[in-house]
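Please look through the sequence and the structure shown below before reading on. The briefing that comes after is meant for a reader who is new to them.

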Amino acid sequence: MAEVNIPVEDVVLLIHQFLKEHNLLNTLQELQKETKLTARSLEKDKKDELLNWIKDGHWDNVLNTIITLNIPSAKLISLFELIVKDLLILNEQQAARSFLLNSDPLILLRSLSPSRFRKLEELFNLQHLKEEDVLYPKDYSKERQRLMVADEIAAEITTVAPSRLLTLLGQSLKWQYAQGLITPEASFDLFLGTTIRNSNEHDLPVVQCASTIKFPKKSHPESIAFSPDAQFLATGSVDGLIEVWNHHTGRLRKDLKYQAEDRFMMMQTAVLALDVSRDSHSLASGDQAGRIQIWDVTTGICARRFTNAHSQGVTCVKFAKDGASVVSGGFDMRVKVHGVKSGRLLKEFVGHTGFVNDVVWVLDVIVSAGADGAVKVWNSKSTECLHTMVLNDGIVSGRGLKGVAGTAPT
């Protein structure tokens, strides 16, 4: 899938149109001032309306529209000449003089064509001004002049379809529905990019298989992880391959450019552990050789590599809440914390006498479960083992059980 680069200017202009259509003109002016961008475009019906106002001499409406467009002053000289002449015919000398002396187009006219400016200025000295006195050039009627000005303005304004921003967002959502990235029955938070789940909604018993992902016989999955935003499923295989799936359809996410081009995230040995960061942007993987890698899910690029994370295979890996570090357990009976940004080992927890099966972050502590039948609670800062709970005939016993009971992973 070809990558599409969207210029920031185009996005700003889409927002300009949205603000204009919803009459948020103060916000529009502030945005234009800050970005120094102004859209010289109108929807077809708005453009036709503007041209009709020029032809009919409805100058208040014309000026209110023109002010929102980025039309060069040089292209507005004829328009402002017409406005001054009409004001003089209506005996609005003060308003006409204000336009003559203060409007940018006529100030520009004075420097570009002094003789033309003087002829306009001389009209102020005529008494009982009539329409034929202000015709310029003399063989053009007022209607003909207005028509010519309307044509000049029309040439400077491009025609755009209405509601372009909402249209593009709608098209994007339809594409995501078609790809199975969003389920039609689910509410969708457009800003967060996630489906909305009702807090009162209860999980129902699973009664049927929604989709099935089939792997080659020699490439079975060893690990699996859902993204917190429920937009994808990641699998790690015995051959080291890491793939990102649409769990609704059971198909690879081909909207990810690297997968569409048959390039995948890959480790050197079997991928035994996976976890997705809370923002669903990063993926942590651990392999049989004791390596851990951090991946950018969007690009498939390895952002961080811990070559000797464990002396033996990595059995489990979990992101911290802020995504700045990962905790891992391995066949070497160690629990370790690694800094994602620094690429260094930050903490090591020693105490299990069997390989570590799983680890979780619980507030400011780390909880690990080992093949030795023990669940250990560690102080994540000091690495001190706070509690040990030993599984005995199916009953977890040990001092401090009450202290962690009911605590959910964050």
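What follows covers salt bridges and then aromatic rings.

This is a predicted model, in which local features need pLDDT of at least 70 and side-chain atom pairs count only at pLDDT 80 or more, while totals for chains, interfaces and linings use all residues. Residues are numbered from 1 along each chain as its sequence is written, and side-chain values use heavy atoms, with hydrogens and water left out.

**Salt bridges**

- The count comes to 12 salt bridges, each being a side-chain nitrogen of Lys or Arg within 4 Å of a carboxyl oxygen of Asp or Glu.
- One of them joins the side chains of Glu81 and Arg116 at 2.5 Å, N to O; Glu81 lies in helix 5 (residues 77-89) and Arg116 in helix 8 (residues 114-122), so this pair ties together parts that are 35 residues apart in sequence (helices are DSSP runs of H or I with at least four residues, numbered from the N terminus).
- Glu81 is buried at 6% relative accessibility, whereas Arg116 is partly exposed at 24% (buried means under 20% relative accessible area, exposed over 50%, and partly exposed in between, with a 1.4 Å probe and protein chains only).
- Asp287 and Arg291 meet in a salt bridge of 3.1 Å, N to O, and both residues are buried.

**Aromatic rings**

- The charged end of Arg97 sits over the ring of Phe124, 4.4 Å from its centre (the rule asks for NZ of Lys or CZ of Arg within 6 Å of the ring centre and within 35 degrees of the ring normal).

Key: Helices (H or I, at least four residues) and strands (E, at least two) are DSSP runs, numbered from the N terminus.
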